[in-house]
Amino acid sequence: MGDDVDQRKFTRQDRHLFRQKVQDCLDALATMLADDTFDVGEPQIGMEVELNLVDDDMAPAMANATVLDAIADPDYQTELGQFNIEINVEPRPLRGDSITNLEFALRRSLNAADERAGSSGSHLVMIGMLPTLTDKHFEYKWLSANPRYDLLNQQIFAARGEDIELRIPGVRLPGSAATEDLDTITDTILPEAACTSVQLHLQVSPDDFASYWNGAQALAGIQVALAANSPFFAGRALWHETRIPLFEQATDTRPQELKNQGVRPRVWFGERWINSIFDLFEENSRYFPALLPVCSDEDPKEVLAQGGTPDLSELRMHNGTVYRWNRPIYDRSGGGHHIRLENRVLPAGPTVIDTLADAAFYYGTLRSLAEADRPLWSQMSYDAAAENLHSAARSGFDARLYWPEVGWVSPQELVLRRLLPMADAGLAAYGVDADVRDRYLGVVEGRCLAKVSGSVWQRNAVVDRERAGDAREAALSGMLGDYVTLMNEGNPVHTWAR
C-alpha cells in the first residue's frame with residue numbers, strides 16, 4: 001500500500017509544509033516533463049498480486065507476520081489486514097514467450113510460499129474477496145503491525161469525523177426471489193483489506209501517457225465483467241465484483257454533508273478524459289487534503305538544478321493515498337526516472353493462468369486503443385465509461401455496456417466481436433509470440449463463451465450447496481475449500497466443475 005512511515009502525530013504545521021512541498025514537487029515534475037528527461041524502456045509486464053490467508057477450516061488466518069517469516073522471500077510483503085500478504089512480481093519484457101515464463105515462475109513461487117505457509121497452519125488464496133470474512137474480522141486488533149496502516153486508519157476517521165457506513169445492494173442468486181443487501185457500520189478501514197486485487201504496471205512515455213490512461217479508463221468495465229471474482233462479503237451475496245463499491249466506501253473520508261456538496265471521493269474513477277499525465281497529479285494535489293503529510297529534506301528544484309533526479313517523495317506519498325482505478329506512478333530506477341500506468345480494477349485469482357489471461361487481454365487491447373487513428377474517447381462520454389465500470393461490477397456477464405459504434409451490448413459479445421482481435425493485434429505489436437497470444441486470449445474467449453467468471457462459479461457453487469441442505473456459513477466454507485483445490489490444480493475457471 002505504499003512507502004512505510006513511522007508512527008507519529010501530525011501537526012497543523014506538518015500539513016501546511018506538506019502542501020507546499022507537494023507544490024514544489026509538481027513544479028519540478030512540470031520542468032522534467034518539459035525537458036523530456038524520462039526513461040522509456042522496452043515495454044514490460046509488471047504486477048502485484050494480493051493474497052488472502054486461511055486456516056484448515058477456510059476461516060481467515062490472522063497470521064501474515066508468521067507467514068512472511070516462514071516464506072522468507074523479499075518479494076512477499078505485508079498488507080493492510082493480518083489475513084493479507086502481497087507478492088511483487090519482477091517486471092519483464094512483454095515480447096516473445098515472456099508471459100508464459102511469468103506464468104510458470106509465478107506458479108512456482110506461489111507453490112513454494114504456500115508450502116512454507118502451511119508450516120504455520122495457513123494457506124494462500126487468490127480470490128477477489130474472501131467469502132468467509134465476517135464483521136468480527138474487521139476489529140482494530142486485526143490491522144497489520146506496519147505503522148502506515150494504523151496512521152491511515154486514524155487519518156481517514158479523523159477526516160471523516162464519524163464511523164463508515166457500508167451500503168451495497170445485493171444481486172439475486174440463481175433461483176432466489178430476494179436480494180441480500182449490506183447495511184452496516186464499521187469503525188476501522190479493515191473492510192478495505194477484504195478487497196484483494198491484481199495490479200498491472202506498464203511503463204510509458206509521458207507523451208503517450210494520456211492515450212494509455214484514457215484507454216485504460218474505457219476498458220475498466222470490460223475488465224471487471226470478464227474477471228469478476230468477489231461476489232460474497234460478510235455472508236451476503238452482493239455484486240459480482242463487490243470489491244468496487246466496497247473499496248469506494250471503506251476508505252471514504254467524506255461524511256454525508258460533504259457528499260451532498262459533491263466533494264470528490266478518494267477512491268475515484270475521475271471525471272474527464274485527460275490530455276497529459278500532469279493533469280492527474282495536479283488534480284490529486286488540488287482536490288484532496290493530505291492523509292499522511294510526511295515531509296522529506298529534499299528540495300526537488302535544487303536537485304534538478306544540480307543535474308540530479310529528485311525523489312518527489314511528497315508527491316508520491318500523496319499520490320499513494322488517492323486511489324484511482326488507473327493511477328499514474330512516478331518512480332526512480334537505475335539512476336533515471338520513469339512514468340508508469342498502474343491498473344487496479346482486477347480482482348485476484350482465480351488461477352495463475354486466469355490472471356495472466358486477464359493481463360494479456362488488458363495489455364493487448366490497451367495498446368490497440370491507445371494507438372488507434374481515431375481515439376475511442378473522442379466517441380464516448382466519460383460518464384459512459386464510469387457507468388460501464390459500475391454496471392459490470394454489479395452484474396458481470398449480465399451487464400449491458402455502452403461502446404461506440406456498437407451501442408449497448410453484453411460484455412461477452414463486445415469481447416468476442418470487437419476486442420479479442422484488438423487484443424491479439426496489440427500483443428503482436430509488442431512482439432508476443434503467436435502461440436502465447438492464442439494461449440491466453442483463448443482463456444478469455446472460453447470464459448466469454450461459457451459465461452463463467454470466478455464470481456459466476458462461486459455463486460453457482462454456493463447455490464448448489466444450499467439446495468443440498470447447507471446453511472450459508474457451511475456453503476461458503478465448503479465452496480471456498482473446493483475453490484482452493486481447483487485454484488491449486490490451475491485450470492482456467494471456466495473449465496471448473498461444481
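Tutor: A charge sits over a ring if CZ of Arg is within 6 Å of the ring centre and within 35 degrees of the ring normal. Keep that in mind for this predicted model.

Student: OK, so what makes Arg367 count as sitting over the ring of Tyr430?

Tutor: The charged end of Arg367 is 4.5 Å from the centre of the Tyr430 ring, and the cut-off is 6 Å. Arg394 does likewise with Trp239, with its charged end 5.5 Å from the ring centre.

Student: On to ring pairs. How many aromatic pairs turn up in the whole structure?

Tutor: The search finds 14.

Student: Why is the pair of Trp268 and Tyr287 called edge-to-face?

Tutor: Their centres are 6.0 Å apart and the planes are at 85°. Trp268 belongs to strand S10 and Tyr287 to helix H8, 19 residues apart.

Student: Are those two buried or partly exposed?

Tutor: Trp268, at 5%, is under the 20% cut-off and therefore buried. Tyr287 has 24%, between 20% and 50%, so it's partly exposed.

Student: What makes Phe269 and Tyr382 buried?

Tutor: Phe269 has 7% and Tyr382 has 6%, and buried means under 20%. Both also belong to one aromatic cluster with Trp273 and Trp377.

Key: Residues numbered from 1 in each chain as written. Predicted model: local features only at pLDDT ≥ 70, side-chain atom pairs only at ≥ 80, totals over all residues. Heavy atoms only, no water. Phe/Tyr/Trp six-rings, centres within 6.5 Å; stacked < 30°, edge-to-face > 60°. Helix = DSSP H or I, 4+ residues; strand = E, 2+ residues; numbered from the N terminus. Buried < 20%, exposed > 50% of the residue type's maximum accessible area, 1.4 Å probe, protein only.
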